[in-house]
Amino acid sequence: MDWVAKHLNDPRLCLIDCRFALGDPEAGRRAYRQGHLPGALYLDLEKDLSGPVREHGGRHPLPDIEILARKLGEIGIDENSHVAAYDDQGGAMASRLWWLLTYLGHDCVSVMNGTFSQWQKAGYPVTTEIPATNSRHFPPHPRPHMLASMEEVKQKLHQATTVLVDSRDEKRYLGEEEPVDPVAGHIPGARHFFWKQVQDQNGNWKNAAQLRDHFSPLSTANEIIVYCGSGVTATPNILALKEAGYKNVKLYAGSWSDWISYSDNPIARGKETDRQ
């Protein structure tokens, strides 16, 4: 947060407010209008950072690359911009934007270490002013190696060198409850790392050493494929894995909600025996 506060007047900095509540899709935009970081613009998880829901692809499919690139350009983001994203959901929605921009080949993107509420509590400035935008050109350069399809996940279920990471809370992973999707359980062989555990008790992101310790059970994996319910809360885990030094990390974008849309896909419940 300190870095963001010091760079609020940097013309290269593009602040993006990503607040969003799954149970109330307009809550994030309302909150933005009621107050946001100076200069910040708003991007909506479902309208901007996701594509249309179809039979397959999960509850939050990835947006069309060209449409997203056009939207980014329209709000003033180009290849020279430093994008800093924040939310009030522990970084889950901001990490979705981080992942999307990284996937599109834009490396100068960060997630603010701290939520909007923490920013406000710390006494940093908040405004209701909607900033003017200058349209620019954002050139997408997709990195397909960052994605894993359902077919790839299914193919690699029993490969010892590939580890699946389930980012949902433990009860959903175990199949004890499922408040969102119609089927409970997890992808067979998946290891459980709840996404909120990459932060400390104060809601700040753990440092690289702490994250290496957190993810140490994955240290022998050659490839890690991360999923959650719909490809959103998997992204904080991916960001944390990258910070911990893991290189070959992929997102299964459709995640659990896509996996169960195929009736012949296997489903597991309960705990898994560690393979690593």
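Trainee: Let's start with D166: does its relative accessibility make it buried or exposed?
Mentor: In this predicted model, the relative accessibility of D166 is 0%. Buried means under 20% relative accessible area, exposed over 50% and partly exposed in between, with a 1.4 Å probe and protein chains only. At 0%, therefore, D166 counts as buried.

Trainee: Before going further, what pLDDT must side-chain atom pairs have to count?
Mentor: Residues are numbered from 1 along each chain as its sequence is written, and side-chain values use heavy atoms, with hydrogens and water left out. As this is a predicted model, totals for chains, interfaces and linings use all residues, local features need pLDDT of at least 70, and side-chain atom pairs count only at pLDDT 80 or more.

Trainee: Thanks! Which side chain makes a polar contact with that of D166?
Mentor: A polar contact is a pair of N or O atoms within 3.5 Å; within protein, one must be able to donate a hydrogen and the other to accept it, and residues adjacent in sequence count only if both atoms are side-chain atoms. D166 lies in strand β5, and it stands opposite Y227 in β7. At 2.7 Å, the side-chain partner of D166 is Y227.

Trainee: Why is strand β5 largely enclosed by the rest of the structure?
Mentor: Strands here are DSSP E runs of at least two residues, and helices are H or I runs of at least four, numbered from the N terminus. On one side of β5 are T162, L164 and D166, on the other V163 and V165, and both faces are covered. The strand is largely enclosed because the number of its five residues that are buried is five.

Trainee: Which strand is joined to β5 by five bridges?
Mentor: Two strands pair if DSSP finds at least two bridges between them. Strand β6 (residues 191–192) runs parallel to β5 and has two bridges to it, with V165 opposite R191. The five bridges, also in a parallel pairing, go to β7.

Trainee: Elsewhere there is an open sheet of four strands; which strands stand at its edges?
Mentor: The order is β2-β1-β3-β4, with parallel pairing. Each edge strand has a single partner, so one side of it is left without a neighbour in the sheet; these are β2 and β4.

Trainee: What angle does helix α4 make with β4?
Mentor: Strand β4 pairs with β3 over three bridges, and V83 has V109 as its bridge partner there. Helix α4 packs on this sheet and touches β1, β3 and β4, a contact being heavy atoms within 4.5 Å. Axes are lines fitted to C-alpha atoms, for helices over the stretch in contact, and angles run from 0 to 180 degrees between N-to-C directions; here the value is about 165 degrees.

Trainee: How far apart in space are A240 and S257?
Mentor: A240 belongs to helix α9, and it is buried because its relative accessibility is 0%. Among the residues it touches are W205 and F215. In sequence A240 and S257 are 17 residues apart, while the C-alpha to C-alpha distance is 23 Å.

Trainee: Lastly, what radius of gyration does the whole protein have?
Mentor: The protein holds ten helices and eight strands, and 53% of its residues count as buried. The radius is taken over C-alpha atoms, and the globule rule is 2.2 Å times the number of residues to the power 0.38. For 276 residues a compact globule would be near 19 Å, so there is agreement with the protein's value of 18 Å.

Definitions and conventions:
Lists of a residue's contacts leave out its neighbours within four places in sequence.
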